[in-house]
There are 2 protein chains.
Amino acid sequence: MLTYIFDNTASTALYEQLYQFIKNDIIGGVLKAGERLPSKRNFAKHLGVSTITIENAYGQLMSEGYVYSLQKKGYFVSDISEIAKIRPADAVSDIQLPTEIENYFADLSGNRTNPDNFPFSVWAKLMRETISEKSGELMISSPCGGIYPLRCAIAKHLKSFRGMDVDPDRIIVGAGTEYLYGMLIQLLGRDKIYCVENPGYQKIAQIYKSNEIDYRYADMDGQGLTIKGLSDADADIAHISPTHHFPTGITMPVSRRYELLAWANERDGRYIIEDDYDSEFRLDGKPIPSMQSIDISEKVIYINTFSKSLASTIRISYMVLPVHLANLFYRTMSFYSCTVSTFEQYTLARFIEEGYFEKHINRMRLFYTRQRSRVLDCIKISPLSTRCKIIEEDSGLHFLLRLYTDLTDSELLRRFAKNKIHLSPLSKYYNNPSAAAEHTFILNYSNIDLSSLPKALEIIAEVI
Amino acid sequence: MLTYIFDNTASTALYEQLYQFIKNDIIGGVLKAGERLPSKRNFAKHLGVSTITIENAYGQLMSEGYVYSLQKKGYFVSDISEIAKIRPADAVSDIQLPTEIENYFADLSGNRTNPDNFPFSVWAKLMRETISEKSGELMISSPCGGIYPLRCAIAKHLKSFRGMDVDPDRIIVGAGTEYLYGMLIQLLGRDKIYCVENPGYQKIAQIYKSNEIDYRYADMDGQGLTIKGLSDADADIAHISPTHHFPTGITMPVSRRYELLAWANERDGRYIIEDDYDSEFRLDGKPIPSMQSIDISEKVIYINTFSKSLASTIRISYMVLPVHLANLFYRTMSFYSCTVSTFEQYTLARFIEEGYFEKHINRMRLFYTRQRSRVLDCIKISPLSTRCKIIEEDSGLHFLLRLYTDLTDSELLRRFAKNKIHLSPLSKYYNNPSAAAEHTFILNYSNIDLSSLPKALEIIAEVI
């Protein structure tokens, strides 16, 4: 009969030891498929343990399927001979993590929000209030589009801040704009040709690529995406940021907006995705109305995010769908759970509802206005002042810096990197980098450290 | 010259009124494309306002593009004639929200977690601690796979609870299992044939469908998904829940597990997605080891969620990738931001790290064990006892209830609905409903209201 030696000093229970012994013998081929195991009573006597121990071990072996029982015949070893066909994976290679963000002396192109500007104490207070006052609601699953109070708060904000009249049921909340892009692909269909701006924000193209979508680049002129570009690309969906284009900073004039709307009107299934990502931070004059607000033809899908306006660690974005697309969403995609937790949805709803969001935006506009002029002043008094030009400084959180130099962009980047200065070249945002104006860099002033800026500008002036 | 009458009692600034007048005239066609607007000085004199007012109005009209200026020539109306091509959308139809969950007298098939069981005060305490102690970290963007402390905590939990040895860098955190399925489609490729269990959890097929993936159903036998089913479907990816299959409750025996692993080993690009969604709640014996833990060939992708084990409103799930897929993920998909906010990631990390998660699971297992026997007792003493059979009651949070009746399933459902009783039929989870055992219903006891259960069982006995 099978004999196993128990370790009575071990912390593992006897039944578990026995289970492990038998399991190892089955995997190791010592016990063959179909072989009969000793009866519980005999085995217990033989091993000097209780029948309960045998019973528990057999029980676990049966639940896992190493052993099966036949009524009145006993316990038998299962056939796991397929195990022989399993090849161990090649010597496990190390995990290659994506390259860390470098420790720059000066990062002039970073687009993360400055954590110091986040209204942390207010947010913490609202979270605490939410936790103590909403314990019931927090445990009720959110509707697929987000909790109603948050969508109402967003609708109100859009009304007062962007002059948009939006039924809260047309608003769909999700964990970040990138997530919503993925939802839109499912909603609008994979058979469509999606068109992104060239130059443009790279992530949008990356998401379409990752989803194996037929996406194309359309060229821009000084007014934004061109109709010719869309026609050449045979596009169905135009993905644009008309309020403040990244990286050129262009605000699309109303004539081009109407041209785009007319283009979308030419055929069913054509839509415009309007990414309004930093419209809150237009620093001069009245806000530019969104395309959504002048669209009477239900062709514009409006997207915005709180990751830009609040903090990049808050993953809450939303889109406003035309009524017929909202209905399509509810009909075909409402099985999806909302990706934002109720905790954060209720906290954000309060934050908007109680006026903190508006206050925050106003405070940030003031901060950015000052920051911008400080950065410009810094450049003005730096040795770089006569050797560069600032382009498109009237909106959003970045402008372009053109350097007067004969060096190539790649040589410039090499020299900047050597000095631990981060500047993104404009060409990086082009599908065809050679089309980009040379020696032109994105200067995002939202999070520039002013103390290291003079030195950084000095270094730039030196190396060019 | 253009003449407009200002409303001096209005709250709108004069420049804004003027901007609106001119804009309306341009949209309305009163001012034609190319028409020259009065010079600022003359216009100001004519209207009796300051030139600053004219300047601001022209400025805003120019930023939006209704007006353009030519140096030394003045201001001109832009061409927005394309506006004529825009058709208003058809009379806006109402938004059709997805049907609300009904107000049942007794919901015997609901699978939401019971909010009363959520350790709210502990969670609230940890959130408060996180807010006050981690303010710095909370503002640093999470790596694409989730913050490292959370992935370490999950790895530790998997080690102690599931016997799994997992490098934290192989763990990818995301806002819900549904989101991770979408990520996996991008990672494994859209050219693959995905295979789901028939019967099975409907949402998985819905997600593949929504992503326009070639997905197929493979039949099961008493041991789970069959190799024949996979071969017939010509599958590349097998999406399964071997620990506790929904809805049949089957635990896949180890022989079938090895058969599946051998199947995956036959060809490159074949993988098994192991959805371990309620493994924490196996109520008898030791936990069944995951397939991931017996896989030496890097073929298993393990997925689990905290939405089941903690609360359905917490949208945090994770997957464990084989090393080569983790590398592929970091190489091709690390541009994605993590969809879970840092607040919740840090809170959950603490919750696991400080032992609360293990305590919670143990408490819930006790609760579910009691709840299960109470539900079974209720059935035993009810008039239904002799007219039904309970199937597969040894694991997970649900079992099957077979009713002895001659009525059709649809007639049964009609009668249940009339009495406000919710029971999901097994056939609902079949791709081919006629293949399902008739008169068989899912009884999910995790959240059944015991006070209304006796009456509900009486009604069921009456109507069948």
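Predicted model: local features only at pLDDT ≥ 70, side-chain atom pairs only at ≥ 80, totals over all residues.

Q: Okay, chain B then. In what order do the three strands of the open sheet come?
A: The order is β1-β3-β2 in chain B, and the pairing is antiparallel.

Q: Which strands are at the edges there?
A: β1 (36-37) and β2 (67-70) of chain B, each of which pairs on one side only.

Q: And how many bridges join β2(B) to β3(B)?
A: Four, with β3 spanning residues 74-77 and the two strands running antiparallel. To give you one pair, B:Tyr68 has B:Phe76 of β3(B) as its bridge partner.

Q: Which helix packs on that sheet?
A: That's α3 of chain B, residues 51-64. Helix α3(B) touches β1, β2 and β3 of chain B, and its direction makes about 105° with that of β2(B).

Q: What about α1(B) and α3(B), at what angle do they cross?
A: Roughly 50°, with the axes coming within 8 Å; α1(B) covers residues 14-28. That makes α1(B) oblique to α3(B). The crossing is right-handed.

Q: Which residues make the contact?
A: On α1(B) they are B:Leu14, B:Tyr15, B:Leu18, B:Tyr19, B:Ile22 and B:Lys23. On α3(B) you get B:Thr53, B:Ile54, B:Asn56, B:Ala57, B:Tyr58, B:Gln60, B:Leu61 and B:Glu64. By class, the contact of α1(B) with α3(B) has nine nonpolar, three polar and two charged residues.

Q: Now α4(B) and α14(B), how do their axes cross?
A: At roughly 120°, and the axes come within 9 Å. Here α4(B) is residues 120-133 and α14(B) is residues 342-353. The two helices are therefore oblique to each other, and their crossing is right-handed.

Q: Which residues are in that contact?
A: From α4(B), the list is B:Val122, B:Trp123, B:Leu126, B:Met127, B:Glu129, B:Thr130 and B:Glu133. From α14(B), the list is B:Phe343, B:Glu344, B:Tyr346, B:Thr347, B:Leu348, B:Arg350 and B:Phe351. The contact of α4(B) with α14(B) divides into eight nonpolar, two polar and four charged residues.

Q: One more helix. Which residues of α13(B) are buried?
A: B:Val323, B:Leu325, B:Ala326, B:Asn327, B:Phe329 and B:Tyr330, in a helix that spans residues 323-332.

Q: And what do those buried residues pack against?
A: Both helices and strands of chain B: α6 (148-162), β5 (171-174), α7 (177-188), β10 (271-275) and β11 (300-305).

Q: Switching to chain A. How many strands form the open sheet there, and in what order?
A: Eight, in the order β4-β11-β10-β9-β8-β5-β6-β7, with mixed pairing. At the edges stand β4 (171-174) and β7 (224-225) of chain A, each with a single partner strand, so one side of each has no neighbour in the sheet.

Q: How does β4(A) run relative to β11(A), parallel or antiparallel?
A: Antiparallel, with four bridges joining β4(A) to β11(A), residues 317-320. Within that pairing, A:Ile172 has A:Met319 as its bridge partner.

Q: And β8(A) with β9(A), parallel or antiparallel?
A: Parallel, again through four bridges; β8(A) is residues 237-240. A:His239 stands opposite A:Ile273 in β9(A).

Q: Why call β9(A) largely enclosed?
A: Because five of the five residues in β9(A), residues 271-275, are buried. A:Tyr271, A:Ile273 and A:Asp275 point one way from the strand, while A:Ile272 and A:Glu274 point the other way.

Q: Last bit, two residues. Where is A:Tyr208, and is it buried or exposed?
A: A:Tyr208 is in helix α8 (residues 202-210) of chain A. At 1% relative accessibility A:Tyr208 counts as buried, since the cut-off is under 20%. Among the residues A:Tyr208 touches are A:His239 and A:Ile273.

Q: And B:Ile140, buried or exposed?
A: Exposed, at 53% relative accessibility. B:Ile140 lies in the loop between α5 (135-138) and α6 of chain B.

Q: What does B:Ile140 touch, leaving out residues up to four places away in sequence?
A: A:Thr313 and B:Thr342. B:Ile140 is also 11 Å from B:Ser341, C-alpha to C-alpha, with the two 201 residues apart in sequence.

Note on methods. Residues numbered from 1 in each chain as written. Chains lettered and ligands numbered in written order. Heavy atoms only, no water. Axes fitted to C-alpha atoms, helices over the stretch in contact; angles between N-to-C directions. Parallel < 35°, antiparallel > 145°, perpendicular 65-115°, else oblique. Left-handed = near helix turned anticlockwise from the far one by under 90°. Contact = heavy atoms within 4.5 Å. Nonpolar A, V, L, I, M, F, W, Y, C, P; charged D, E, K, R; others polar. Pairing = 2+ DSSP bridges. Buried < 20%, exposed > 50% of the residue type's maximum accessible area, 1.4 Å probe, protein only.
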